[in-house]
Amino acid sequence: MALHFSRVDTSDLEIWIASSDDYSFVISNESRSGSGLHGEPGFVASYRPDFLNTPAAQVAGSPFSTFAEAEQACNAFLGHLIIEG
């Protein structure tokens, strides 16, 4: 089962959100300066189990150079979560 990200318009921020099988995933585009989120430049992917009241955790490998790499990592991690689940 693949995640399908949808872009959320939050003015100057670039954020994509998807959820599947009780997990939520977010990809944000971060930079060192300028508007939006600040941090290591690139696409930061994070996940959170919807059934637990816990903060989000970064997907290993973040930040990614491209959105496609971040999306692929989220889908691979979801597969791992479902198998381990």
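This report describes the salt bridges and the aromatic ring pairs of the structure above.

The structure is a predicted model, in which local features need pLDDT of at least 70 and side-chain atom pairs count only at pLDDT 80 or more, while totals for chains, interfaces and linings use all residues. Residues are numbered from 1 along each chain as its sequence is written, and side-chain values use heavy atoms, with hydrogens and water left out.

**Salt bridges**

Side chains of opposite charge can pair when their charged atoms come close. A salt bridge is counted here when a side-chain nitrogen of Lys or Arg lies within 4 Å of a carboxyl oxygen of Asp or Glu, and by this rule the count comes to 2 salt bridges.

| Glu-40 | Arg-32 | 3.5 Å |

Glu-40 counts as partly exposed because its relative accessibility is 46%, whereas Arg-32, at 57%, counts as exposed.

**Aromatic pairs**

A pair of aromatic rings is described by the distance of the centres and the angle of the planes. Rings of Phe, Tyr and Trp (its six-membered ring) pair if their centres lie within 6.5 Å, and planes under 30 degrees apart count as stacked, over 60 as edge-to-face and the rest as tilted. The structure holds 7 aromatic pairs. One of them joins Trp-16 and Phe-43, a tilted pair with 6.0 Å centre to centre and 55° between the planes. This pair links distant parts of the chain, since Trp-16 is in strand S2 (residues 13-20) and Phe-43 is in strand S5 (residues 42-49), 27 residues apart. Helices (H or I, at least four residues) and strands (E, at least two) are DSSP runs, numbered from the N terminus.

Trp-16 is buried, at 12% relative accessibility, and Phe-43 is buried as well, at 14%. Phe-43 also pairs with Phe-67, and because the ring centres are 6.2 Å apart and the planes stand at 75°, this pair is edge-to-face. Here too distant parts of the chain are linked, with Phe-43 in strand S5 and Phe-67 in helix H1 (residues 67-84), 24 residues apart. Phe-67 is partly exposed, with a relative accessible area of 22%. Ring pairs link Trp-16, Phe-43 and Phe-67 with Phe-5 into a cluster.

Conventions: Buried < 20%, exposed > 50% of the residue type's maximum accessible area, 1.4 Å probe, protein only.
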